[in-house]
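Please look over the sequence and the model below.

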Amino acid sequence: MTLPIINNLNDLRAGLLPWREAGQTVALVPTMGALHRGHIALVDEARRIANRVIVSIFVNPLQFAPHEDFSAYPRQIEEDHKLLAAAGCDMVYSPAPEAMYGAGFSTSVVPGDLANRLEGEHRPGHFTGVATVVVKLLLQALPDFALFGEKDYQQMMVIRQVVRDLDLPVSVLAVPTVRDTDGLALSSRNAYLSVEERHQATLLPRTLAMVAEALGRGQIAQPILQEARQTLTSAGFRIDYIELVDAQTLVPADETTARRRLVAAVWLGKTRLIDNMEIL
Ligand code: AMP
């Protein structure tokens, strides 16, 4: 059977109806397209837990600041469609921006404190854009499950909070980060890297893994974080942040914090890379 691509809300609801009538469960995987194995890991997990899987592909203008890469963001719906068909997805939902945000659209979902740190500090308004579109997608599709990647750890935590606060009837599930064989977390934005930058980029996960390992052995955080910043800066990275945070609240953590996450955002040339690791 061919994989349907739906691009408006009426068709989405019409497509969902027979599944719901048959008592089937539905999982939604929200994406911005330019799909890679990281996204497919979300689809695989979705298939494992639900009868039906919808993948949304929507490059959300609300979550990009005017100077950011909204127009340059890679769009490759045909390749995405092939990948999703092979992965066993049941429906692709790819609304046009005008369909998502009709004339006069003026409502936002503004997440609280969790969204103001880290990415929120460097990308003001970003998580308002993310939360607004994710809440819309969840209300449009009303899935039983929604899957997000740990690659965007803060995003996943913000969405959990929004879903809890607004009593949205969905279970949010997190999927571990999928990495290339050299350790770099897969990302649609890796396509921006030149061949040379792509080689250099592996220093980010290598450095984070060393820091995570040292912190796991109980070493004092600040000197190690400072050394990591120095290593990356010397290699030509520009650092937005490399921080150790409480895995739940995302406030700065130290040796005494129970559950910790190492989070980083850096620039390599014109490409912004984010990554994070659990401290075991
Ligand atoms: P994006 O298309 O970049 O907005 O990502 C869509 C979803 O895929 C988000 O929940 C991401 O966290 C997740 N994702 C992106 N890259 C990866 C990866 N390398 N491993 C796991 N999940 C990922």
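## H1 against H6

H1 and H6 are oblique to each other, because their axes cross at roughly 45 degrees and angles under 35 degrees would count as roughly parallel. This is a predicted model. H1 spans residues 9–21, and its axis comes within 9 Å of the H6 axis.

H1 brings Leu9, Leu12, Arg13 and Leu16 to the contact. H6 answers with Leu139, Gln140 and Ala141. By class, the residues of this contact divide into 5 nonpolar, 1 polar and 1 charged.

## H6 against H7

H6 covers residues 126–141 and H7 covers residues 153–165. Their axes lie 10 Å apart, at an angle of about 55 degrees. H6 and H7 are therefore oblique to each other. Their crossing is right-handed.

On the H6 side, the contact is made by Phe127, Val130, Ala131, Val134, Val135 and Leu138. On the H7 side, the residues are Gln154, Gln155, Val158, Ile159, Val162 and Val163. The contact of H6 with H7 has 10 nonpolar and 2 polar residues, with no charged ones.

## H2 against H3

H2 runs over residues 37–49 and H3 over residues 77–87. The two pack at an angle of about 30 degrees, and their axes are 10 Å apart. That angle makes H2 roughly parallel to H3, because the limit for this label is under 35 degrees. H2 passes H3 in a right-handed crossing.

H2 contributes Ile40, Val43, Asp44 and Arg47. H3 contributes Leu83, Leu84 and Ala87. The residues in this contact are 5 nonpolar and 2 charged, with no polar ones.

## The second largest pocket

The second largest pocket holds about 220 Å³ of space. It is lined by 16 residues. Closest to its centre are Ile57, Phe58, Val59, Arg75 and Ser94.

How does the lining of the second largest pocket divide by class, and how many residues are charged? The lining has 11 nonpolar, 3 polar and 2 charged residues.

Terms used:
Residues numbered from 1 in each chain as written. Predicted model: local features only at pLDDT ≥ 70, side-chain atom pairs only at ≥ 80, totals over all residues. Heavy atoms only, no water. 1 Å grid on protein atoms, 1.4 Å probe; cavity = no way out; pocket = protein on both sides within 12 Å on 5 of 7 lines; lining within 4 Å. Points joined across faces, edges and corners; volume = space filled by probe spheres on them. Nonpolar A, V, L, I, M, F, W, Y, C, P; charged D, E, K, R; others polar. Axes fitted to C-alpha atoms, helices over the stretch in contact; angles between N-to-C directions. Helix = DSSP H or I, 4+ residues; strand = E, 2+ residues; numbered from the N terminus. Parallel < 35°, antiparallel > 145°, perpendicular 65-115°, else oblique. Left-handed = near helix turned anticlockwise from the far one by under 90°. Contact = heavy atoms within 4.5 Å.
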